Amino acid sequence: VVTARTGQMQDDAEWWLKKHKIDIPVIGVGSKKTKVAHLKQCDVFVDDDLDRVREAREVVRHALFFKWPYNDGETGIQSITSLKDIAL
């Protein structure tokens, strides 16, 4: 998981993953910062920041835009509204 979360929010994400028996590393890069350098080994990238999704399209097989009411609109990029929507 490559996330904008840092500090306590990153700790909370790690706790949630462990609670659900998901044993993967969490890399916190900070808000509005590129994640590309950390995506080289990733196949799937999901983000609600359209700029981050556009960047990720260059390095991952599947870059998906997570739409919420605050960022809804035509993007030209595959979008989802739930992680259950991921069908690769």
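I started with the largest pocket, which has a volume of about 1100 Å³. For the search, a 1 Å grid is laid over the protein atoms alone, and a pocket is an open set of points with protein on both sides within 12 Å along at least five of seven lines. Points are joined across faces, edges and corners, and the volume is the space filled by probe spheres set on them. I noted that 29 residues line the largest pocket, with V1, V2, T3, R5 and V46 nearest its centre; a lining residue has an atom within 4 Å of a point. Then I looked up which elements contribute: β1 (2–3), α1 and β3 (44–47) each supply at least two lining residues. Helices here are DSSP runs (H or I, at least four residues), strands are runs of E (at least two), and both are numbered from the N terminus.

**Ground rules.** I reminded myself that this is a predicted model, where local features need pLDDT of at least 70, side-chain atom pairs count only at pLDDT 80 or more, and totals for chains, interfaces and linings use all residues. Residues are numbered from 1 along each chain as its sequence is written, and side-chain values use heavy atoms, leaving out hydrogens and water.

**Core.** Which residues make up the largest nonpolar core? I listed 11: V2, V29, L39, F45, L50, V53, A56, V60, A63, F65 and I77. Such a core is a set of buried Ala, Val, Leu, Ile, Met, Phe, Trp, Tyr and Cys residues joined through side-chain atoms within 4.5 Å. "Buried" means under 20% relative accessible area, "exposed" over 50%, and "partly exposed" in between (1.4 Å probe, protein chains only). Both α2 (50–56) and β4 supply at least two residues of this core, and α2 gives the most, with three. I also checked F45: its contacts (heavy atoms within 4.5 Å) include K35, R52 and H62, not counting residues up to four places away in sequence.

**T75.** I found T75 in the loop between β4 (62–66) and β5 (79–80). Is T75 buried or exposed? It is buried, at 16% relative accessible area. T75 touches L50, R54 and F65, again skipping residues up to four places away in sequence. A polar atom of the T75 side chain also lies 3.1 Å from the backbone nitrogen of I77.

**Aromatic rings.** My search of the whole structure turned up one aromatic pair. The ring centres of F66 and W68 are 5.1 Å apart and the planes sit at 5 degrees, so I wrote it down as stacked. The rule: rings of Phe, Tyr and Trp (its six-membered ring) pair if their centres lie within 6.5 Å; planes under 30 degrees apart are stacked, over 60 edge-to-face, and the rest tilted. F66 is buried at 13%, whereas W68 is partly exposed at 41%.

**Positive phi.** I noted two lysines. K21 has phi near 60 degrees, a positive value in a residue other than glycine. K21 sits in the loop between α1 and β2 (27–28) and is exposed at 77%. K32 also has a positive phi, near 60 degrees; it lies in the loop between β2 and β3 and is exposed at 64%.

**M9.** Last entry: M9 is in helix α1 (residues 7–19) and is exposed, with 51% relative accessible area. How far apart in space are M9 and K33? I got 16 Å, C-alpha to C-alpha, for residues 24 apart in sequence.

Technical notes
A polar contact is a pair of N or O atoms within 3.5 Å; within protein, one must be able to donate a hydrogen and the other to accept it, and residues adjacent in sequence count only if both atoms are side-chain atoms. On a 1 Å grid over the protein atoms alone, a cavity is a set of points where a 1.4 Å probe fits but cannot get out, and a pocket is an open set with protein on both sides within 12 Å along at least five of seven lines; lining residues have an atom within 4 Å of a point.
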